[in-house]
Amino acid sequence: MTDAPVSYRDALQPDGPALDAMAREIWVATFAHSAPASDIALYLDKAYGPEGALIRSLADPAHHFRLACAQDAIIGYVKLSPVWLEDPSVPPGALQLSQLYIAADWHGRGIAQALMDWTIDEARRRSATALVLTVWEENLRAKRFYERYGFAHIGDYAFPTGTQIDRDLIMQLVL
């Protein structure tokens, strides 16, 4: 399937189960090594599943999900949200890039760039002053990607993975 053409569209409520399963798989592959299994399980129970944060966000019109699809499969997505960070370094009028996930088999094909370009364009269309995000300090690939777009480290965020607290970097792109 990795030779299939990629299309982009807004997520719809019926996409929830497939989007949730895809996001969970990517999160586990990327972060499961970073905390004890009990903390990973606590986080996954909160973030994913029928009552999880992702499904709830999909139902909330304040959040905008853009999907990358190949045939009928969701292979990536971005979630644009109102700012949920409570940090004085985040300027008024900003929007938050809450998640940007691409399935590993699809890395290096321009999908992350297409979703990021859409996110920046959409934030500008909404007259946002800035785009902010958080990224785990040890996710070097993601940090480099954001830096190439001009995001700069402006603060730190204590990200709870179960009972473990990880350091995420707050990064900002002034629009």
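Me: Which strands does helix 5 lie across, and at about what angle does helix 5 run to strand 5?

Reply: This is a predicted model. In the model, helix 5 (residues 140-148) lies across strand 4, strand 5 and strand 7. Helix 5 runs at about 165° to strand 5.

Me: Which strands does helix 4 lie across?

Reply: Helix 4 (residues 111-125) lies across strand 1, strand 2 (64-70), strand 3 (73-82), strand 4 (95-102), strand 5 (130-136) and strand 7. The angle of helix 4 to strand 3 is about 25°.

Me: How do I read the sheet, and what is the order of its strands?

Reply: Begin with the general idea. Strands in a sheet pair through backbone hydrogen bonds, in a parallel or an antiparallel way. Here seven strands form an open sheet in the order 1-2-3-4-5-7-6, and the pairing is mixed. Strand 1 (6-10) and strand 6 (152-161) are at the edges with a single partner strand each, so one side of each has no neighbour in the sheet. From one strand to the next, the twist averages 25°.

Me: In what sense do strand 6 and strand 7 pair, and over how many bridges?

Reply: Strand 6 and strand 7 (residues 164-174) are paired in the antiparallel sense, over nine bridges. To find a point along strand 7, look at Arg 167, which has Ala 158 opposite.

Me: How are helix 1 and helix 2 placed, parallel or antiparallel?

Reply: Read the crossing angle of the axes. For helix 1 (residues 16-31) and helix 2 (residues 37-47) the angle is roughly 160°, and the axes come within 11 Å. An angle over 145 degrees counts as roughly antiparallel, and the two helices are therefore roughly antiparallel to each other. The crossing of helix 1 past helix 2 is right-handed.

Me: Which residues meet there?

Reply: From helix 1 come Asp 20, Arg 24, Trp 27, Val 28 and Phe 31; from helix 2 come Ile 40, Tyr 43, Leu 44 and Ala 47. Sorted by class, this contact has seven nonpolar residues, two charged and no polar.

Me: What about phi: which value does Gln 71 have, and where is Gln 71?

Reply: The general idea is that most residues other than glycine have a negative phi. Gln 71 is not a glycine, yet has a positive phi of about 55°. Gln 71 sits in the loop between strand 2 and strand 3.

Me: Is Gln 71 buried or exposed?

Reply: Gln 71 counts as exposed because its relative accessibility is 60%, and the cut-off for exposed is over 50%. Ser 127 also has a positive phi, near 60°. The place of Ser 127 is the loop between helix 4 and strand 5, and at 59% relative accessibility Ser 127 counts as exposed.

How values were computed: Residues numbered from 1 in each chain as written. Predicted model: local features only at pLDDT ≥ 70, side-chain atom pairs only at ≥ 80, totals over all residues. Heavy atoms only, no water. Axes fitted to C-alpha atoms, helices over the stretch in contact; angles between N-to-C directions. Helix = DSSP H or I, 4+ residues; strand = E, 2+ residues; numbered from the N terminus. Parallel < 35°, antiparallel > 145°, perpendicular 65-115°, else oblique. Left-handed = near helix turned anticlockwise from the far one by under 90°. Contact = heavy atoms within 4.5 Å. Nonpolar A, V, L, I, M, F, W, Y, C, P; charged D, E, K, R; others polar. Pairing = 2+ DSSP bridges. Buried < 20%, exposed > 50% of the residue type's maximum accessible area, 1.4 Å probe, protein only.
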